[in-house]
Amino acid sequence: MKFAKKALQAVCARLDVPGEAAGAPCVTLCGFTECSVDCPCTIVEYEPHEIVAALDGGAVKIEGSGLEVRQMRRDRLCVTGKIRAVTYLEGGV
């Protein structure tokens, strides 16, 4: 399965198709106060200064202050607060 996913990502890159089409996570920042992760994810750490969401094959760590989960649906996580850094952790947590 991992081979098929990597092959699909390579084809998308070659054809200049956005990574989301191959199932890659889409992380969007709106200024320094809102971050959304558009893909299936699970929150594994939740502190006012750090939120970590596990993704398929990795994780996203959002660091800042006063962080809150504003919205969580099956394919979308929205975090608000003062965002200082967003890091992709390859291989998960």
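Here are some questions and answers about the fold, the surface and the salt bridges of this predicted model.

User: Before we start, what do the numbering and the pLDDT limits look like here?
Analyst: Residues are numbered from 1 along each chain as its sequence is written, and side-chain values use heavy atoms, with hydrogens and water left out. This is a predicted model, where totals for chains, interfaces and linings use all residues, side-chain atom pairs count only at pLDDT 80 or more, and local features need pLDDT of at least 70.

User: Happy with that. Which pattern of helices and strands does the chain follow?
Analyst: The chain holds 1 helix and 6 strands. Both kinds of element are DSSP runs numbered from the N terminus, with helices being H or I of at least four residues and strands being E of at least two. Read along the sequence, the pattern is α-β-β-β-β-β-β.

User: In what order do the strands sit in the sheet?
Analyst: Two strands pair if DSSP finds at least two bridges between them. The 6 strands make an open sheet with antiparallel pairing, in the order β1-β2-β6-β5-β4-β3.

User: Which strands stand at the edges of that sheet, each with a single partner strand?
Analyst: In the order β1-β2-β6-β5-β4-β3, the edge strands each have a single partner, so one side of each is left without a neighbour in the sheet. From one strand to the next, the twist averages 30°, using lines fitted to C-alpha atoms as axes (for helices, over the stretch in contact) and angles from 0 to 180 degrees between N-to-C directions. The edge strands are β1 and β3.

User: How many bridges join β5 to β6?
Analyst: Strand β5 covers residues 58-73 and runs antiparallel to β6. The number of bridges joining β5 to β6 is 13.

User: And on the other side, which residue in β6 stands opposite S36?
Analyst: Strand β2 (residues 34-38) is joined to β6 (residues 76-90) by 4 bridges, and the two run antiparallel. The residue opposite S36 in β6 is C78.

User: Which residue in the turn between β1 and β2 has a positive phi?
Analyst: β1 and β2 run antiparallel and are joined by 5 bridges, with V27 opposite V37 in β2. They form a hairpin with 3 residues between them. The turn residue with a positive phi, of about 65°, is G31.

User: How much accessible area does the nonpolar patch of V27, L29 and V86 have together?
Analyst: Patches take residues with over 30% relative accessible area and no salt bridge, joining nonpolar side chains (Val, Leu, Ile, Met, Phe, Trp, Tyr) within 5 Å and like charges within 9 Å. L29, in strand β1 (residues 26-30), has a relative accessible area of 48%. Areas come from the Shrake-Rupley method with a 1.4 Å probe, and for residues only the protein chains shown count as cover. Together, V27, L29 and V86 have about 220 Å².

User: Is T80 buried or exposed?
Analyst: Buried means under 20% relative accessible area, exposed over 50%, and partly exposed in between (1.4 Å probe, protein chains only). T80 is found in strand β6, and beyond residues up to four places away in sequence it touches T33, E34, G66, L67, E68 and R70, where contact means heavy atoms within 4.5 Å. Because its relative accessibility is 14%, T80 counts as buried.

User: How far apart are the closest N and O atoms of D38 and R76?
Analyst: A salt bridge is a side-chain nitrogen of Lys or Arg within 4 Å of a carboxyl oxygen of Asp or Glu, and D38 forms one with R76. The pair links distant parts of the chain, with D38 in strand β2 and R76 in strand β6, 38 residues apart. D38 is partly exposed at 28%, and R76 is partly exposed at 22%. The closest N and O atoms are 2.7 Å apart.

User: In the salt bridge of E63 and R84, which residue counts as exposed?
Analyst: Their side chains meet at 3.5 Å, N to O. E63 lies in strand β5 and R84 in strand β6, so the pair ties together parts that are 21 residues apart in sequence. E63 is buried, with a relative accessible area of 19%. At 61% relative accessibility, the exposed one is R84.
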